[in-house]
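Subject: Handover of a structure and notes on its contents

Dear colleague,

Please find below the structure that I am passing on to you.

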Amino acid sequence: MKPAHEPGHMLVVDDNRLNRLLLTHALEQNGHFVFTAENGKVAMEMLRTKTFDVLLLDIDMPEMNGFEVLEAMLNDNELRDLPVIMTSASDELDRVVKCIEMGADDYLVKPLNPVLLRARVNTSLEKKRLRDQQRRLFRTFATPEVAEQLLREGFSLGGKYVTASVMFADIRSFTTLSEKQEPSDTIEMLNSYFALMFDAITRNNGTVNQMEGDGLMAIFGAPVYHETHSESAVRAALEMIELLKVFNEQRIAQNKGQIQIGIGIASGKVIAGFTGTQHRATYTCVGDAVNLAARIEDHTKVAKQPILIDQHTCAALPNDIAVEALGLVTFKGKQQAVEIFTVKSN
Amino acid sequence: MSVIDEKTFAELKQMSGAEFINELIDTFLDDSPRLIEEMESALKVNNVDSFRRAAHSLKSNAATFGANELFALAKELEILGKENKLTETGNRLKALQESYESVLKELSELRS
């Protein structure tokens, strides 16, 4: 383990000048770089423009108090993980408890004890270092949304019901295409293709949670719920088709084969969560909407349309997205016929 | 009789060093009259928040230097502010002012 007493950037927030002086002096004696703010409002502005390692926060302040700062930080992805040490008078411990419940990490009683201050600040610095490391690791192996959920709620297997839109996308006649080219070309083509599709999906708040061969599955509206998940999914699909046009133009210019894709989207209640073991798990979702989206995607071959959606997705779309009803389709293994719509790309 | 707790002041001096303790004393003597004034004007217009906050700061600063009587008076006034009972302050603010005068005298002597 690295020593925990490396210098850090500290932000001291207190409306009392004497307290600011005392804290600054003690922290500087330990080699830290210290910045100060006289109330929560000034502190929030500084937190959003500069990077700090530990925040030392007073509770009772004019303009914006300690509680309000904690709440604002909790709602900010970039600030949520910053360690906070509350500095308070010995007779306000009941309020400190509330601060800890709101996400503060630790507290110090004023007047300050320099030995305690050093120990608590070092612990917070170590916490910050670990959190940064964890965040980097999660960002490498999981999608940003899943990484955020893991960081916020911790890792647990098991799922919950969510209302979401599920998308399946597949390359049409990819097999014949791959026989005509070198394996390395195929991998390169797939990588460029996936990069473009990921981009369109992520930009529209979707999460790609499965990739298999030339197909992918994406979820909109989970892990983070958003009301317009159906619209987001369809807009992502339209962008994917647009991007593919550009992609194909480049392929033609390089004298290479073009690719066509099929996209199926269905919306409804699904069970989303982590599946797997404690050591290896993926975020996924299961349920009728998932099966239906997969079937609809397969149906794009028959319908000869690039984007097909179910009635629940269609009902949630705004007027500027043009759709056309294709009538009822009975899928294999399903009792009831399902109404299918095609989305018109411009 | 001393109004500054010897042990508290010695610890503060040891922690801050001879030079910095002077800066701390100056800051305290600079801020305290302003805080007392703030309490007086807040009392006149029944501004509970301003009264309580000024009392809180003065209490905190008194504790730093071991000015125990000043601390106790400021704390009583802070509680009255918290409980919205500014009409019950009686002669406590006057007592606080007097206590501060003694602290001022002693700290000025302690300042090297």
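The notes that follow cover confidence, the contacts between the chains, and then individual elements and residues.

Confidence

Please bear in mind that this is a predicted model. The predictor assigns the complex an ipTM of 0.92 and a pTM of 0.58. Chain A has a mean pLDDT of 85, with 86% of its residues scoring at least 70. Within chain A, helix H7 (residues 174–179) has the lowest confidence, at a mean of 57, while strand S1 (residues 9–13) has the highest, at 97. For chain B the mean pLDDT is 93, and 99% of the residues reach 70 or more.

Chain A contains eleven helices and 13 strands. Of its 346 residues, 36% are buried. Where contacts in chain A link residues at least 6 apart in sequence, 66% of them join residues at least 24 apart.

Between the chains, 13 residues of chain A are in contact with 15 residues of chain B. The element of chain A that contributes most to this side is helix H1 (residues 17–29) of chain A, with six residues. By class, the side of chain A that touches chain B comprises seven nonpolar, three polar and three charged residues.

Strand S3 of chain A

Strand S3 (residues 54–58) of chain A is largely enclosed by the rest of the structure, because five of its five residues are buried. Both faces are covered: A:Val54, A:Leu56 and A:Asp58 are buried on one side, and A:Leu55 and A:Leu57 on the other. S3(A) pairs with S1(A) in the parallel sense over four bridges, and it is also joined by four bridges to strand S4 (residues 84–89) of chain A, again running parallel. A:Leu57 takes part in both pairings: it is the bridge partner of A:Val13 and stands opposite A:Met86 in S4(A).

Helix H8 of chain A

Helix H8 (residues 183–203) of chain A has 21 residues and reaches 30 Å from its first C-alpha to its last, close to the 30 Å expected at 1.5 Å a residue. Its buried residues include A:Met189, A:Tyr193, A:Met197, A:Ala200 and A:Ile201. These five cover an arc of only 100° around the axis, and they therefore lie on the same side of H8(A). The other side of H8(A) carries exposed residues, among them A:Ser184, A:Glu188, A:Asn191 and A:Arg203.

Backbone features

Which residue in the loop between H8 and strand S7 (206–212) of chain A deserves a look? A:Asn205 lies there, and it has a positive phi of about 65° although it is not a glycine. A:Asn205 is partly exposed, with 17 other C-beta atoms within 10 Å.

In chain B, B:Asn46 likewise has a positive phi, of about 55°, and is not a glycine. B:Asn46 sits in the loop between H1 and helix H2 (48–65) of chain B and counts as exposed, with 11 C-beta neighbours inside 10 Å.

Finally, a cis peptide bond joins A:Lys110 and A:Pro111, with omega at about 0°. A:Pro111 belongs to the loop between strand S5 (106–110) and helix H5 (114–141) of chain A.

With kind regards

Methods
Residues numbered from 1 in each chain as written. Chains lettered and ligands numbered in written order. Predicted model: local features only at pLDDT ≥ 70, side-chain atom pairs only at ≥ 80, totals over all residues. Helix = DSSP H or I, 4+ residues; strand = E, 2+ residues; numbered from the N terminus. Buried ≥ 20, exposed ≤ 12 C-beta atoms within 10 Å, placed from the backbone. Contact = placed C-beta atoms within 7 Å. pLDDT = per-residue confidence, 0-100. Expected span 1.5 Å × (residues − 1). Arc of directions from axis to C-beta. Nonpolar A, V, L, I, M, F, W, Y, C, P; charged D, E, K, R; others polar. Pairing = 2+ DSSP bridges.
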